[in-house]
Amino acid sequence: MRPFTSTISLDDARQHLRDAIAPIDRTQRVALADAAGRVAAADARSDVDVPPFARSAMDGYAVVAADTTGAARATPARLRVVERIYTGQLPQTSIARGACAEIATGAALPSGADAVIMVEETAKAGEDAVQIFAAATPGQHVGRRGSDIARDAIVVRAGDLLNPARVGALAAIGRRDIDVYQRPMVAILSTGNEVVEAGQPLAPGQIFDVNRFTLAAIVAAHGGIPQVHAPAHDNIEALIGALDVCLAADIVVFSGGSSVGERDLIRDAVAARGDMIFHGIAVKPGKPTAFAKLRGKPFFGMPGNPTSCLSNAYVLLVPFLRATARLPPLTPRTVRVPLGRRITSTAGRHQFYTVRLADGAAFPAFKGSGDITSLSQADGYIEIPAGQSEVDEGTLVDVTLF
């Protein structure tokens, strides 16, 4: 056994990770249909005005505003209807004084007209005439050319997250593709002689590989591309060989082998290929977490216990990965509810305690670091600071939701 001689605080671990972040600089061009959720790598300027013509913002009548001065229900203005204009067609008639055109929302405004009266303020007055019951002002209910986006305006800036609205703005200027930053490649590998891939028969003493799936899911959800590798055995040659393969990725994440047992050899494999930044954090679950730099690549050594592994993936890996991918920081949703049952915590360790929500309260869901249901049956977690040993029933707690 090689016990931890010391651990660092959660705040110190987070600072080490912030210092090691190198935002990805590789770029690629993707079709606009595939751009949602990506990060723009260059400014996108418009080559056109949007809208490209003055258009009606209402169903109604295109008029010369001066013709409607003083119009009211009791004293309507009467105008000749000289044309009916629908979307997708060009007006054929110029609007002179005393005339108007029936017009659909989004249709091009005819020359001569400077306002639109909405249909609710009008009434038919025969086949080719209309009564106007309200005065218009110039520009009323008219979308002028370029009022939304002017030619040469920057529609999306480098570094912007391409959310649905920004994708829509790019579509409005006719863009078919966009330059984005590539997603970081994240190599994921579980270690341990006892770990078996799904679909294989379980021999006595073996377990199915859980962490490769939870880690791959979390990587895919936060801007990375998971590259999953077969489990590696607990011997130094196998671990170093696995590291050499995985270091082709941008980030390497191993689970298992980071604790204090005779076969927990991650620290030795790291020493062969780089420098350990920290090994051991004063948190629960997840104390054996390690972070290193191997040939310039960030390396996470996650605990093998599924709850410890996934918990620290949420807390440590996700912020690091999102920053590497140039995604904005995650803003988790929280709810404040009373604690439904008293909780005790390990002194000196910052604890992430999983809870489930029921009947307006938070109830303990944590079973143990090795139990994946500690997370799968939880709705979120509360944080218990290192200096606090218990939280009483009824205490209002902030639950960070998964």
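**The cavity and its surroundings**

Reply: One cavity of 30 Å³ or more is counted. A cavity here is a set of points on a 1 Å grid, laid over the protein atoms alone, where a 1.4 Å probe fits but cannot get out. Rolling a probe the size of a water molecule over the atoms shows where empty space is left. The model is predicted, so to speak of local features takes pLDDT of at least 70 and side-chain atom pairs need 80 or more, while totals for chains, interfaces and linings use all residues. Residues are numbered from 1 along each chain as its sequence is written, and side-chain values use heavy atoms, without hydrogens or water.

The largest cavity has a volume of about 50 Å³. A volume is the space filled by probe spheres set on the points, with points joined across faces, edges and corners. The lining consists of S311, Y314, V315, F352, T354, L375, Y381 and F402; a lining residue has an atom within 4 Å of a point. Two elements give two or more residues to this lining: α6 and β24 (350-358). Helix α6 gives the most, three residues. Elements are DSSP runs numbered from the N terminus: helices are H or I with at least four residues, strands E with at least two. By class, the cavity lining has six nonpolar, two polar and no charged residues. Nonpolar covers Ala, Val, Leu, Ile, Met, Phe, Trp, Tyr, Cys and Pro; charged covers Asp, Glu, Lys and Arg; the others, Gly among them, are polar.

Now the largest pocket. A pocket is an open set of points with protein on both sides within 12 Å along at least five of seven lines. About 610 Å³ of space lies in the largest pocket. Its lining has 23 residues, and Y314, V315, V318, P319 and L330 lie nearest the centre. Y314 and V315 also line the cavity. Helix α6 (306-324) supplies at least two residues of the pocket lining, as do α1 (10-20), β26 (380-384) and β28 (396-401). The largest share, eight residues, comes from α6. By class, the pocket lining has 16 nonpolar, three polar and four charged residues.

Buried means under 20% relative accessible area, exposed over 50%, partly exposed in between (1.4 Å probe, protein chains only). The largest core has 30 residues, of which V253, F300 and L317 touch the most other members. Here too α6 gives the most, nine residues. V253 touches residues including L215, F300, M302 and L317, not counting those up to four places away in sequence. Contact means heavy atoms within 4.5 Å.

Aromatic rings meet here as well. F278, F291, F300 and F320 form one aromatic cluster. Rings of Phe, Tyr and Trp (its six-membered ring) pair if their centres lie within 6.5 Å; planes under 30 degrees apart are stacked, over 60 edge-to-face, the rest tilted. The structure holds nine aromatic pairs. F291 and F320 make an edge-to-face pair, 5.8 Å centre to centre with 65° between the planes. F291 lies in strand β20 (residues 290-294) and F320 in helix α6, so the pair ties together parts 29 residues apart in sequence. F291 is buried, at 1% relative accessible area. F320 is buried too, at 2%.

Terms used:
Core = buried A, V, L, I, M, F, W, Y, C linked by side-chain atoms within 4.5 Å.
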